[in-house]
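Student: Please take me closely through one part of this model and what surrounds it. Start with the whole chain, then zoom in.

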Amino acid sequence: MTTKLKSAEHLEEQELNKLLKYLYQNQKWTYYILVRLGVSTALRYSDLSRITWEMVLGKQTLLIKEKKTSKVREIPLQEELVEILQKVYLKVGSPSVQQEIIPLHIRTINKQIKIHATGAGIRGKRISTHTWRKTFGREVWKRNGQTEACLVRLSSLFNHSSISITRLYLSITKEEVDNLYQLQDLFVY
């Protein structure tokens with residue numbers, strides 16, 4: 001008997017925004033920033049948990065050496081994210097800039113984020129810290145026309161050995177690939 005691996009799932013855009021709204025309205029700042037940074041940077045939790053306030057406050061890029069791959073990544077930070085980070089920094093009482101932004105253990109976060117997702121009305125999804133990385137990948141793939149070229153770039157970003165692994169990682173179904181062939185209104189004659 002084989003057991004199917006129960007990995008984290010991505011969130012659709014409306015689910016992501018429901019969760020962010022819930023976290024913001026309930027002033028769950030650590031979780032709010034975790035989700036915002038996670039989706040914006042596509043970093044693993046092992047790297048997210050090492051980000052300090054001084055690494056992002058007022059910065060246009062985040063420079064970080066990935067724990068798993070030892071690769072140095074330079075990640076552009078969107079202006080809106082930089083503003084949000086500044087606002088949240090003030091809301092949490094302006095801690096030492098050397099302090100980690102997300103000072104919680106992964107088990108605590110995985111347990112709490114499921115509770116918060118349920119509170120936001122998101123049910124039936126396997127959510128964990130890896131959800132943000134997958135959500136990033138799905139959104140990038142979707143916003144770039146669901147192309148193979150986009151999968152190649154995502155595969156490189158995620159450091160996957162092939163695009164077939166990236167396809168599995170992002171749970172891209174056969175139906176979604178088949179839908180790419182729906183070229184209605186292409187031919188006039």
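**The hairpin and its surroundings**

Tutor: Of the 189 residues in the protein chain, 41% count as buried. Buried means under 20% relative accessible area; exposed means over 50%, and partly exposed is in between (1.4 Å probe, protein chains only). This is a predicted model, so local features need pLDDT of at least 70 and side-chain atom pairs count only at pLDDT 80 or more, while totals for chains, interfaces and linings use all residues. Residues are numbered from 1 along each chain as its sequence is written, and side-chain values use heavy atoms, with hydrogens and water left out.

Confidence comes next. Mean pLDDT (the predictor's confidence in each residue, from 0 to 100) is 88 for the protein chain, and 88% of its residues reach 70 or more. Helix H4 scores highest, with a mean of 97, and helix H10 (residues 174–179) lowest, with a mean of 60. Where pLDDT is low, predicted coordinates should not be read in detail.

Now the layout. The protein chain has 10 helices and 2 strands. These are DSSP runs, numbered from the N terminus: helices are H or I with at least four residues, strands are E with at least two. Along the sequence the order is α-α-α-α-β-β-α-α-α-α-α-α. Take contacts, meaning heavy atoms within 4.5 Å. Among those between residues at least 6 apart in sequence, 58% join residues at least 24 apart.

Zoom in on the two strands. Strands E1 and E2 (residues 72–76) run antiparallel and are joined by 5 bridges. Two strands pair if DSSP finds at least two bridges between them. They form a hairpin, with 6 residues between the strands. In that turn, Ser70 has a positive phi of about 65°. Most residues other than glycine have a negative phi. Ile64 stands opposite Arg73 of E2.

E1 has two faces. Leu62 and Ile64 point to one face and are buried.

What do Leu62 and Ile64 meet? Both touch Ile51.

A nonpolar core is a set of buried Ala, Val, Leu, Ile, Met, Phe, Trp, Tyr and Cys residues joined through side-chain atoms within 4.5 Å. The largest one here has 39 residues, and Leu19, Val35, Ile51, Ile101 and Trp132 touch the most other members. Two or more residues each come from H1 (13–25), H2 (29–41), H3 (45–48), H4 (53–56), E1 (61–65), H5 (79–91) and H6 (106–119). H2 gives the largest share, 8 residues. A second, separate core has 10 residues, including Ala42, Phe136, Trp141 and Ile172. In soluble globular proteins, nonpolar side chains tend to be buried together.

Arg44 sits in the loop between H2 and H3. Not counting residues up to four places away in sequence, Arg44 touches Glu66, Lys68, Thr69, His130, Arg133 and Phe158. Arg44 is buried yet has no salt bridge. A salt bridge needs a side-chain nitrogen of Lys or Arg within 4 Å of a carboxyl oxygen of Asp or Glu. Glu66 is the nearest side chain of opposite charge, 4.1 Å away. Here Lys and Arg count as positive, Asp and Glu as negative; His and the chain ends are not counted.

Thr69 has another neighbour. Asn159, in the loop between H8 (148–158) and H9 (163–169), touches Thr69 and Lys71, again leaving out residues up to four places away. Asn159 and Thr69 are 90 residues apart in sequence, but their C-alpha atoms are 8.4 Å apart in space. Asn159 is partly exposed, at 39% relative accessible area.

The structure holds 9 salt bridges. Arg50 bridges Asp47, with the closest N and O atoms 2.9 Å apart. Asp47 is buried, at 0% relative accessible area, whereas Arg50 is partly exposed, at 35%. Glu15 and Lys125 also meet in a salt bridge, at 3.2 Å from N to O. Glu15 lies in H1 and Lys125 in the loop between H6 and H7, so the pair ties together parts 110 residues apart in sequence.
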